[in-house]
Amino acid sequence: MAQAGDIWDLEADVVVIGGGAAGLPAAIKARDGGSSVIVVEANYDVGGHAIVSGGNVPLGGGTSAQKKYGIKDSPDTVFSDLTDWTVVENNGWPNYRYNDREVMRAFADNCAPTFEFLLENGVKFKEIAPDNQGGHCLGNTAPRENHAFWTKGAGLESPNARPGTGLMRPLEDSARKKGVKFLLNHKMTGFIRQGQKSGAILGLTAEYSPRIMPGQSTPLKSFRSDGNIESTKPSVRIRAKKGVIVATGGMTSDVNFRRMYDPRLTEVLTVAGEPYSYQDASGERAAMEIGASLWGLVNQTLEVGDQIRTQRVLGTKWNYMNWELESPIFPLVKAVGLTLKDWQNVILVNQVGKRFFDETKGDYPHGNVAGDIDPYTPNDYRNHDKIHFHPNHYNFFNAAVAMNEYSEPPEYSGGPIWAIFDADAVARNKWIVEPPHVDPDGYFFSANTLKELAAKIKSEFQAKPMSGEVLEATAARYNSFVDKGTDEDFGKPTPKYKIAQAPFYAAWGTPNVHDTRSGLRINANGQVLDMNGQIIPGLYCAGESAGGFNQHGLGRCTTQGFICGGNAAKEPSRG
Ligand SMILES: Cc1cc2nc3c(=O)[nH]c(=O)nc-3n(C[C@H](O)[C@H](O)[C@H](O)COP(=O)(O)OP(=O)(O)OC[C@H]3O[C@@H](n4cnc5c(N)ncnc54)[C@H](O)[C@@H]3O)c2cc1C
C-alpha cells in the first residue's frame, strides 16, 4: 500500500471515484458546496451503468412531479414503505426486511430534494405522472418512477441509444460547467490513509487504463473534453483534502467477490451494463483493505426482483440488450443479438441438452411497487395474505444457475443455457442469423441436424460437449408435447411450435447478474464505517457500492451521491 506523506500528482478538496449515477450528483453537490472536485473514472467516458440504463428514476417523498399530478407522498411514507418487513414478493422473499433503518431514513429525507436537484442540473423527465414503469422495490404506497427524457440526435451522445443518457449527459454537462475536473481512463487502485487502519483518508492511487477496441490502434475518446485532466503517466497519486467518495458501482463484475454472497454466481453469468463499464468491486476491496466493513449482505442473496435475469436477447454474450452498430464499443460487443418476443419460439436447454423448466417463466418478476398489495396496511403481517404466491416463477434462478449437470470437479462450473430453435422460428421472428446480428464465436451455432448442432457447440463456458442423442431426445419429446397440447414435464402452457425444420440453431441464452445490492457499511451521512462501527474520516460511499439498501437502481444511487457530495464538502480541509 502507498504511504502517506509521499508526493502528490493531483489534488482536490473532494475526489469522487466513478462517474456514474452516484458519482456525478456527488461531484456536483460537492462543487455546489464550494469544494474543488476531481472525478476519477476508469472508463473512457462517464456514465457507468447509468448511461446505458433504462433511465427510470425512482424518487418520491413529495417531489414536484408527484405534487403536479396529485400524488400524495412524504419522506415518512417512503421510510415506512421501504422498511416494511411484511412486504414480500410472490415467491415469499422479503423486499425491505433487511434494509438498514438509518440508511433508509437518510434516503427518505433526501429523496425529493434529489429529484429537484436533478431538474436544477438540467435533467429532463417525460411530462407524465410518476408511475411504476420499470420499477422494482419502490414501496407499496405511491407511484414514484420518473422517466428520463432522451432522443437520438439531440446532442446527448449515448454509447448505445439508451434512455439513461437523458439522466447522465445533462449531469455531466452541469458538472463540467460548474468546474468539476475529470480524470478519465484512470482506475482507482487503493486508498491512502494516515495509518494502515487508522486516521483519515488522505488520497488515493489510480492507474492509467485506456480502452482500445479490438482492431483499433488508438484509445476511445470521451464525447466531451472540457475539464478533462490529460495524463498518461502509468500511475498517479491524488490528494483529497476533504474526502474521497466511493461511487464505483458495486461488485457484480468480480466473480470471486460476488460468490462471497451467492455461490451460484459463477463465471458463466455475464453482467448487465458490461462491456461498457465494469463494477469490479475495486471500491469495496480498496476500502476493506484500510478497514471498512461490508453491510446487509443478505440483500444480495435475496431472490427478489431482478438480481439474476434472463433476457430476450439471444445469440450474443452481451445479452441484456441489443447493441447498436454505431456504439463505440461495438467491436467488443460483436453482435446486436436476436430479440425474442415469445418464449414459445424456443426451448431452453442446459449444457447437457436437457430442458429444465417452463420457458415462459423466463422473465424476471419485478419487486414491490405501488398498489401491489391491496388493501395495504403498513407493517401488518397480514399483508402476506394478500400476495398471490407463485414460487414456480423463480425456478429459473435455481435451475439455470445451480443445478447444471456437468458441474463437476475440479471447477464445479455452472454451464451455459442455450436457446434451441429451428428455421421456422427464424422465419416467424424475421431473425437475421448471421453476424453482426449473432456472434458465431462461441455464442451462436447452426447445423442441419440436431446431432450436428450439439457437436458444434463450443464455448469457453461449456464444460463438456453436449450429447447429440440427448438434444435429439429433448426436441422429440418437446415436439410430442406440441402434438398433445400439454407439456408433461414442466407445464409450459400449450406448447405451440415444434423444433423440426432444418437448419437448427443454438443461441446463447444464459441469464445475467444485474444489481449489486450489498456493499460498504455507511451511516446516514454516507460516511464509511469500519468493522467496529467507527467512522473512517474522509471516506464516503454512495450507490451500488454502498450496503444496507435493497432497491434497484438510479433513485438510491443519485440520492446517496447527493448526500455524500454535500457532506464531504463540509469536511474540514486536511492540508
Ligand atoms: C442495462 C441497465 C439498465 C438499467 N435500468 C435502470 C432503470 O431503468 N432504472 C433504475 O433505477 N436503474 C436501472 N439500472 C441500474 C442503475 O443503472 C444502476 O443501479 C446505477 O447506474 C448504479 O449507479 P452507480 O453510480 O453505483 O454505478 P455506475 O452507474 O455503474 O457507475 C460506476 C462508475 O464507476 C466506475 N468505476 C468502477 N470502478 C472504478 C475504479 N476503480 N476507478 C475509477 N472508476 C471506477 C465505472 O467505470 C462507472 O463509470 C440499470 C442498469 C443496467 C446495467
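# Briefing: strands, cores and domains

H384 is partly exposed, with 14 other C-beta atoms within 10 Å. That label applies because a residue counts as buried at 20 or more such atoms and as exposed at 12 or fewer. The model is predicted. Its domain assignment gives domain 1 (15-213 + 226-304 + 514-569) and domain 2 (308-356 + 403-512).

**H384 and its surroundings**

- H384 sits in the loop between β14 (347-349) and α11 (395-401).
- Leaving out residues up to four places away in sequence, H384 touches T86 and V88.
- G362 is 22 residues from H384 in sequence, and the C-alpha atoms of G362 and H384 are 24 Å apart in space.

**The two domains**

- A distance of 34 Å separates the C-alpha centres of domain 1 and domain 2.
- In the contact between them, 16 residues come from domain 1 and 22 residues from domain 2.
- The side of domain 1 that touches domain 2 is made up of nine nonpolar, four polar and three charged residues.

**Nonpolar cores**

- In soluble globular proteins, nonpolar side chains tend to be buried together.
- Here the largest nonpolar core has 140 residues, and V15, V244, I245 and A542 are those with the most contacts inside it.
- Helix α5 (residues 101-120) gives the most to this core, with 10 residues.
- Both domain 1 and domain 2 supply this core with at least three residues each.
- I245 touches V14, V16, I17, A26, Y540, A542, C564, G565 and A568, when residues up to four places away in sequence are not counted.
- A second, separate core has seven residues, among them C137, V304, V369 and A370.

**Strand β8 and its partners**

- Strand β8 (residues 235-246) is mostly covered, with nine of its 12 residues buried.
- Strand β1 (residues 10-17) runs parallel to β8 and is joined to β8 by seven bridges. In this pair, V16 stands opposite I245 of β8.
- Strand β7 (residues 201-208) runs antiparallel to β8, with five bridges between them. Here L204 stands opposite I238 of β8.
- Strand β21 (residues 535-541) pairs with β8 in the parallel sense over three bridges. C541 in β21 is the bridge partner of V246.

- Five of the five residues of strand β17 (residues 504-508) are buried, so β17 is largely enclosed by the rest of the structure.
- In a regular strand the side chains alternate between the two faces of the sheet.
- Both faces of β17 are covered, with F504, A506 and W508 buried on one side and Y505 and A507 buried on the other.
- Strand β15 (residues 418-422) pairs with β17 in the antiparallel sense over five bridges. The bridge partner of F421 in β17 is Y505.
- Strand β16 (residues 444-447) also pairs with β17 in the antiparallel sense, over four bridges. F444 has A507 as its bridge partner in β17.

**A sheet of three strands**

- Three strands in the order β9-β18-β11 form an open sheet with mixed pairing.
- β9 (270-271) and β11 (308-309) stand at the edges with a single partner strand each, so one side of each has no neighbour in the sheet.
- β11 and strand β18 (residues 512-513) run antiparallel and are joined by two bridges. N512 in β18 is the bridge partner of R309.

**Around the ligand**

- There are 43 residues around the ligand, of which G18, G20, G48, G543 and G553 come nearest.
- The elements that give two or more residues to this shell are α2 (48-51), β3 (56-58), β6 (186-193) and α15 (554-569).
- By class, the shell holds 16 nonpolar, 23 polar and four charged residues.

**Helix α8**

- In helix α8 (residues 282-289), the buried residues are S282, G283, E284, A286 and A287.
- G291 follows α8 and has a positive phi, near 110°.

Definitions and conventions. Residues numbered from 1 in each chain as written. Predicted model: local features only at pLDDT ≥ 70, side-chain atom pairs only at ≥ 80, totals over all residues. Pairing = 2+ DSSP bridges. Near = placed C-beta within 6 Å. Nonpolar A, V, L, I, M, F, W, Y, C, P; charged D, E, K, R; others polar. Core = buried A, V, L, I, M, F, W, Y, C linked by C-beta atoms within 7 Å. Domains from an automatic or database assignment. Contact = placed C-beta atoms within 7 Å.
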